[in-house]
Amino acid sequence: MSSGLLSPKWTMPLARAPASRLGGLFFKRTQTWNEAVPIRNAVEGRSEQLVAPEDANQWQQYWGESYGPELKQWMLAPVFDRLEAEGKIGDLIIDVGSGALPVTGILKPTPARKRICVDIASDNVASGDTLGVRLDAEKAGQLEDLSFRKVLLRACAFLEINPRTEIQTELADTMVFSEVLNYVDFRKVLQGFSNFLKPGGRMIVINLPFRGNRSLFSERGLKDNRQLYAFLEELDFETEFKAFPKKPPQEADESEEFIVLVAKKNSRTSISARPGIGPASTPP
Ligand SMILES: C[S@@+](CC[C@H](N)C(=O)[O-])C[C@H]1O[C@@H](n2cnc3c(N)ncnc32)[C@H](O)[C@@H]1O
């Protein structure tokens, strides 16, 4: 782990966290990011409403819920602020398993910044600088999968890039996985999305193994933080920062603690199978 990001500025204000910030899993969406950090939710100002398909998935009943936003803000805002101050967030952000109140709404908009919010229960709404896309995150990178190809084409249209050529150069600066890795094959998801991240770009993970709706957990979900470190290393990521803001001081074991992690994709990583779509493969 490099030390550059480990200065005291990164320390979580644990002592200031009230017990209420433990956050329930399924809060109603009366909660929004506060005035200082206004929510830029894809649901606001709908400019493009696509009809949701009939094949309702288990997550749709929870769409519109928020998942402990105060806790997320408390854990993520210092990390985002620091990366932002160092110019490390970039312009293209992908929020995976975003929910209806994406944590990337904490980030301030910039004229060049665009955000793609991916969720299996997304309402597929595009608004201003944000595109919501419905996708099973486990399908990311699977060009043979029609749902993924459609998403890729929508993303290209949103980014105003040519799906045949420019997709190979327009890769994301930052990807955020906030409390989604318990519910998916985390290796498949991280690997699938890593192909769309720029070398030098970052993945930001916030997760607590076993927190959430256990009936929806994946057998291949993240069960132990050490699995995350090992896999990111396999993918040639360097862990720049990790913190366990809810860990009691006397607890030495970090494997099942709430983690906030920032990992940088190694610049020398070669992207062997860069995605690109040719005309023959364009869905009808
Ligand atoms: C606990 S919520 C977290 C929402 C938000 N990231 C947050 O931190 O508040 C988990 C989210 O993951 C989404 N999700 C679950 N399985 C998924 C999958 N296979 N692909 C994409 N999204 C998924 C759910 O729809 C839900 O919005």
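Q: Which residues is Val 96 in contact with, leaving aside its neighbours within four places in sequence?
A: Two residues are in contact if their C-beta atoms, placed from the backbone, lie within 7 Å. For Val 96 the partners are Val 118, Ala 137, Met 175, Val 176, Phe 177, Val 180, Val 189 and Phe 193. Bear in mind that this is a predicted model, where local features need pLDDT of at least 70, side-chain atom pairs count only at pLDDT 80 or more, and totals for chains, interfaces and linings use all residues. Residues are numbered from 1 along each chain as its sequence is written.

Q: How many residues does the largest nonpolar core have?
A: In soluble globular proteins, nonpolar side chains tend to be buried together. A nonpolar core is a set of buried Ala, Val, Leu, Ile, Met, Phe, Trp, Tyr and Cys residues joined through C-beta atoms within 7 Å; buried means that 20 or more other C-beta atoms lie within 10 Å of a residue's own, again placed from the backbone. Here the largest such core has 57 residues, and Val 96 and Val 205 have the most contacts inside it. Helix α1 (residues 69-85) gives the most to this core, with 6 residues.

Q: How many residues of strand β5 are buried?
A: Helices (H or I, at least four residues) and strands (E, at least two) are DSSP runs, numbered from the N terminus. In β5 (residues 172-178), 6 of the 7 residues are buried.

Q: In which sense do β5 and strand β6 pair?
A: Strands pair if DSSP finds at least two bridges between them. β5 and β6 (residues 197-207) are parallel, over 6 bridges, with Ser 178 opposite Ile 206 in β6.

How values were computed: A residue is buried if 20 or more other C-beta atoms lie within 10 Å of its own, exposed if 12 or fewer, and partly exposed in between; C-beta atoms are placed from the backbone.
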